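Subject: Structure for your review

Dear colleague,

Please find below the structure that I am handing over to you. My findings follow directly after it.

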Amino acid sequence: MTGITALGLPEARRNEAAAVFRARGVPHRRVEEWKYSDLKSALGEAGIGAGQADLRISHLPSGVETFDLAGPNPPDWVREYFGLASRNVMSAASLSLSAGGTAFRVPRGLAVAEPLKFEFTGSGHVRGLVVLEDGASLTLVEGVTVDKFRNAGLEIVLGEAARLDHVRVSPNAGDAVLVEEVSVRIAQGGQYRAHFAAFGSKLSRMEVEIALEGEGAEAHLSGVALLDGKRHSDVTTHVIHRTVGTRSTQLFKHVAGGHAKAVYQGKVTVAKGANGSDSNQSAKALLLGENAEADLKPELEIFADDVKCAHGAAVGDLDAESLFYLRARGIPEAEARGLLLQAFLEDAVAEIPNTDLRELVRTELLTALKALV
Amino acid sequence: MLDIKNLHVSVGGKEILKGLTLSIQPGQVHAIMGPNGSGKSTLSYVLAGRAGYDITEGSITYNGEDLTALKPEERAAKGVFLAMQYPVEIPGVTTMTFLKTALNSQRRARGEPDLDAVSVLKQVRAKAKLLNVSEEMLKRALNVGFSGGEKKRLEILQMSVFEPKLAVLDETDSGLDIDALRVVAEGVNALRDPSRAMLVITHYQRLLDYIVPDRIHVLAGGRIVAEGGKELALELEAKGYEHILKEPA
């Protein structure tokens, strides 16, 4: 741990995280939050190791400040915000084991027009930090490279009235074991929108914890998963409404064929005093075969009064009636199935505010659909 | 063009059509009338090739070919069209995308080249106008939020875009007020053609005031029990199905 001292990053936070991970160890299926994603068995004897993964920037728009987390003399904003989130076990692991990564800052009031593009890459552990100061706005496009095992921890801090659009596309990553833990804190009037498109791997887990800390803070999450073969994809969310007038929506659509497994676990907590909060959660899955699996687990924890919380989940098959209608109009069966799957996923994709990114996700889905049907 | 001989069809083990025989020539419009549960919709689904309808006896020949051996999409490409009683709502697919995909699928199956988006749009727009189908409807998801009349107009629009050789209209009049009925009937009449046959299935005589058939067949208990010219519809209207059903066919 001597290296961490040299970095000048908050050492106490790293130590605390190391203690959390030592106490809990690599999660497995008997740990409730990981019961659909047995990380321990997916990793086998190799375990999580102590390798160093990396954060690669593919497009840095002007106005965005960066700091190499492996470098000396971190600026105040990194000291203040880095490493605060270590509640989740794998986030604690990346915080204690990673010596690198990148931090980004968008200064107060700056609206960055071009998207910031980066990807976590390599095997091992890595961290990222994105800070949007009051009134700043940014679009974040996150790619995912295929490697043996990666555990990435990303912290996002949104100041008052800051606005972040986050789109992550996780390709079909074969035998890779990919874990990413994102934690988001949103101040008054801030807004976080995220879309996660997942094509799965041996084990893929995207876990997001969002704290709506300031009045009127909002989070809108959507996502699609399209899985085949033996691929797995898990999106686990926890949205915490900490104060009055906060809003959150979630819309996830998952499709699993072959022996694939699509997981959605979504927990919404409305804390004491967060009166007038509004949350809506919807998760739907289509199964394309008898051996495919979808697990949908929406959860609500309410400690406040006068809140509006709705949640729904449904697993089904392609509608036979619709399939016949399309075929009776001359559309061959495989194409008709593809069209219906596309249609099923579309409302979640439509949540992506940026037109180019929406098209990008649609194109990825179309390519994957062709292989699936 | 269409020859149905001694057709027996079961659905879930229950026999619905019990020896139906019917023949239609190009250029003709035939009507099938009958009370609820007589097997009218079963006949239309069997012609379009829906799964779950077991043909236990008899044959359906279409232009000399065994229609029952073809998949629904193959029948469509060969010119069979069913305007459905309950058009399906498909959220996420716009009406225009659907029309283009279907038209080009049919063309591809016939070995014709795809039409580009602009030519399809042009063709659809011109035809949509005649049927009072708005530009806005074409942009919306297929049938989603459409009224009963809008759905039926869209079915007829599809018929005019796909230009089938055999069109089966299953209770196209159901749920329509008199103005909507007139628009739909005009659309259908505009498609009457010496090379095209139509089979109009209806419970009520009303539709046949607007689409005047060459021949009427009365279907009851899974069989044709009476046949005649267009005047048969008026007789049915005046005396009801009971009257006909009592007489030996």
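In chain B, 71% of the contacts with a separation of 6 or more are between residues 24 or more positions apart. Please note that this is a predicted model. The predictor assigns the complex an ipTM of 0.95 and a pTM of 0.87.

Chain B contains nine helices and 12 strands. Its radius of gyration is 18 Å, close to the 18 Å given by the globule rule for 249 residues, and chain B is therefore as compact as a globular protein of that length. The C-alpha trace of chain B extends over about 55 × 40 × 35 Å along its principal axes. Of the 249 residues in chain B, 43% are buried.

Helix α1 of chain B, which covers residues 40-48, deserves a separate remark. Eight of its nine residues are buried, so this helix is largely enclosed by the rest of the structure. The buried positions in α1(B) are B:K40, B:T42, B:L43, B:S44, B:Y45, B:V46, B:L47 and B:A48. After α1(B) comes B:G49, which has a positive phi, near 95°.

As to confidence, chain B has a mean pLDDT of 92, with 98% of its residues at 70 or more. Within chain B, helix α2 (residues 72-77) has the highest confidence, at a mean of 98, while helix α9 (residues 231-246) has the lowest, at 79.

Yours sincerely

Conventions
Residues numbered from 1 in each chain as written. Chains lettered and ligands numbered in written order. Predicted model: local features only at pLDDT ≥ 70, side-chain atom pairs only at ≥ 80, totals over all residues. Buried ≥ 20, exposed ≤ 12 C-beta atoms within 10 Å, placed from the backbone. Helix = DSSP H or I, 4+ residues; strand = E, 2+ residues; numbered from the N terminus. Rg over C-alpha atoms; globule rule 2.2 N^0.38 Å. Contact = placed C-beta atoms within 7 Å. pLDDT = per-residue confidence, 0-100.
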